Amino acid sequence: MSEKFDAIVVGAGPAGTSAAYTMAKAGLNVLLIERGEYPGAKNVMGGVLYRHQMEEMIPEFYKEAPVERPVVEQRFWMLGEDSVFTSGYKGLEWAKEPYNNFTVLRAKFDQWYASKAVEVGALLINETVVTECIVEDNRVIGVRTDRPDGDVYADVVVLADGVNSLLAKSLGFHKEFKPEEVALAVMEVINLPAEKIEDRFNLEPNQGTTIEIFGDATKGALGTGFIYTNKTSINIGVGTTLSGMIKLKLRPYDLLDYLKNHPIVRPLIGGGEPMEYAAHLIPEGGFHSMPKIVGNGVVVVGDAGQMVNSIHREGSNMAMTSGRLAAETIVLAKEANDFSANMLDTYRIRLLESFVGQDLKKYKDATHTFESYPQYFKEYIPMINQAASQFFTVDGIPKREKQKKIFKRLTEGKSKLGMVQDIYRAWKVMK
């Protein structure tokens with residue numbers, strides 16, 4: 001531990017391992033520190049891995065990585081108390097190589113991915129907590145760990161220690177995040193035989209489905225539920241902003257139980273055996289909540305930099321890209337022997353120019369808007385279900401009359417101007 005490294009990466013999630021892999025492959029001496037018993041032990045993600053960003057790291061990774069199922073269908077549910085309005089897309093082109101994305105179990109995938117970083121030369125140390133960054137002359141020169149004689153030094157430190165990064169906070173890169181900037185997600189893994197999964201979700205072998213659930217899954221709070229199919233298990237979970245939980249006095253495990261027992265969801269998971277339960281904080285603040293991500297001798301990547309697209313539920317792809325871009329910048333800094341904030345700022349510039357920065361900027365006001373105007377989740381989603389029920393019920397009433405009744409129901413208690421404003425406001429933050 002007394003050896004000096006070219007770079008130290010704190011956290012072996014998708015962002016940290018991507019950074020370590022890229023630097024080690026380029027010949028840098030890299031130390032990757034993970035606080036868990038193994039990479040993935042303390043990580044929870046929705047269960048979707050995006051092929052494109054992963055293949056930028058390791059071409060044709062899916063031929064050896066422990067992925068679960070290629071996703072061929074993406075469904076979106078507007079959930080009512082006893083109904084659901086559905087949309088989505090199923091494409092069998094996604095069932096063929098090179099695929100689109102995959103469901104994964106992080107405990108398996110993160111271990112495999114970290115092992116690939118080790119193969120190209122990174123040194124992985126597990127069960128080690130980094131307690132603080134070592135700063136000298138306004139520059140980070142290493143980290144202090146909870147091991148005896150645990151000070152380790154490097155030219156650059158990469159902070160990939162997750163949402164609400166205590167290390168970045170200690171450097172003054174961000175303040176305590178507000179409750180509306182962070183979501184709490186709870187997830188359960190339920191074992192089911194492959195044949196039952198394929199029958200219930202209308203799948204062939206080696207095909208998967210993702211379902212994103214809005215509305216009653218969070219009892220009207222800003223957030224989503226999800227169901228993802230693995231080989232012989234299902235990931236089911238729900239997440240909502242901490243501010244929403246506080247306002248509505250919700251408890252996360254109660255929300256998960258509510259979703260599991262919902263009459264639309266229950267038949268999909270019935271008879272399954274609960275295997276794992278986990279909870280995890282997820283960044284929700286987006287572009288406006290991004291902390292400072294570059295300093296003298298230090299960069300911030302992934303969740304630690306609030307790099308999650310909450311609208312499209314994308315995080316792992318952004319994490320991998322940020323880790324790779326940070327690593328490529330550090331390789332250039334090594335060549336120039338310049339680890340100043342000015343040199344490392346190349347990472348920030350490239351990140352903002354990439355899809356990560358562009359997508360975060362595109363949806364920069366979405367979370368705040370939907371949090372500030374709860375009618376989108378609490379009122380409009382139930383209205384959509386009621387309207388669909390009325391329209392598709394065959395009861396001898398002419399369709400034109402049904403349409404008039406539906407419109408009247410939609411506008412009850414609301415002015416036409418108010419509805420137009422709601423529509424325009426939503427369009428504005430999503431365009």
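Trainee: In this predicted model, is Asp6 buried or exposed?

Mentor: The cut-off for a buried residue is a relative accessible area under 20%. Asp6 has a relative accessible area of 15%. Asp6 therefore counts as buried.

Trainee: Which residue forms a salt bridge with Asp6?

Mentor: A salt bridge requires a side-chain nitrogen of Lys or Arg within 4 Å of a carboxyl oxygen of Asp or Glu. For Asp6, the closest N and O atoms of the pair are 2.8 Å apart. The partner of Asp6 is Lys334.

Trainee: How many residues apart in sequence are the parts that this pair ties together?

Mentor: Lys334 belongs to helix H9, residues 316-336. Asp6 belongs to strand S1, residues 4-10. The pair therefore ties together parts whose separation in sequence is 328 residues.

Trainee: What is the relative accessible area of Lys334?

Mentor: The partly exposed class lies between the buried limit of 20% and the exposed limit of 50%. Lys334 is placed in that class, being partly exposed. Its relative accessible area is 34%.

Trainee: What is the N to O distance in the salt bridge of Arg144 and Asp151?

Mentor: Arg144 counts as partly exposed, at 31% relative accessibility. Asp151 is likewise partly exposed, at 23% relative accessibility. The side chains of Arg144 and Asp151 meet at an N to O distance of 2.8 Å.

Trainee: How far apart are the closest N and O atoms of Lys364 and Asp365?

Mentor: Lys364 is partly exposed, with a relative accessible area of 32%. Asp365 is also partly exposed, with a relative accessible area of 32%. Lys364 forms a salt bridge with Asp365, and the closest N and O atoms lie at 4.0 Å.

Trainee: Which residues do salt bridges with shared partners join into one network?

Mentor: The search of the whole structure finds 25 salt bridges. One of them pairs Lys334 with Asp6. The network joined through shared partners consists of Lys4, Asp6, Asp155 and Lys334.

Trainee: Which backbone oxygen does the side chain of Thr240 reach?

Mentor: Thr240 lies in strand S14, residues 233-241, and is buried with a relative accessible area of 1%. Beyond neighbours within four places in sequence, the contacts of Thr240 include Ala183, Leu184, Thr218 and Leu222. At 2.6 Å, the side chain of Thr240 reaches the backbone oxygen of Leu222.

Trainee: At what angle do helices H10 and H11 pack?

Mentor: Helix H10 spans residues 341-353 and helix H11 residues 355-362, with their axes 4 Å apart. H10 is oblique to H11, a class that excludes angles of 65 to 115 degrees, which count as roughly perpendicular. The packing angle is about 60 degrees.

Trainee: Which residues of H10 and H11 make the contact?

Mentor: The contacting residues divide into four nonpolar, two polar and one charged. H11 contributes Phe355, Val356, Gly357 and Gln358. H10 contributes Leu351, Leu352 and Glu353.

Trainee: Which residues does a cis peptide bond join?

Mentor: Most peptide bonds are trans. In the cis bond, omega is about 10 degrees. The second residue is in the loop between strand S5 (84-90) and strand S6 (101-104). The bond joins Glu97 and Pro98.

Trainee: What is the phi of Lys219?

Mentor: Most residues other than glycine have a negative phi. Lys219 lies in the loop between strand S12 (208-215) and strand S13 (223-229), and is partly exposed with a relative accessible area of 42%. Although Lys219 is not a glycine, its phi is positive, at about 55 degrees.

Trainee: Is Lys249 buried or exposed?

Mentor: Lys249 is found in the loop between helix H6 (242-248) and helix H7 (252-260). Its phi is positive, near 55 degrees. With a relative accessibility of 74% against a cut-off of over 50%, Lys249 counts as exposed.

Key
Residues numbered from 1 in each chain as written. Predicted model: local features only at pLDDT ≥ 70, side-chain atom pairs only at ≥ 80, totals over all residues. Heavy atoms only, no water. Axes fitted to C-alpha atoms, helices over the stretch in contact; angles between N-to-C directions. Helix = DSSP H or I, 4+ residues; strand = E, 2+ residues; numbered from the N terminus. Parallel < 35°, antiparallel > 145°, perpendicular 65-115°, else oblique. Contact = heavy atoms within 4.5 Å. Nonpolar A, V, L, I, M, F, W, Y, C, P; charged D, E, K, R; others polar. Buried < 20%, exposed > 50% of the residue type's maximum accessible area, 1.4 Å probe, protein only. Polar contact = N/O pair within 3.5 Å; in protein donor to acceptor, adjacent residues only side chain to side chain.
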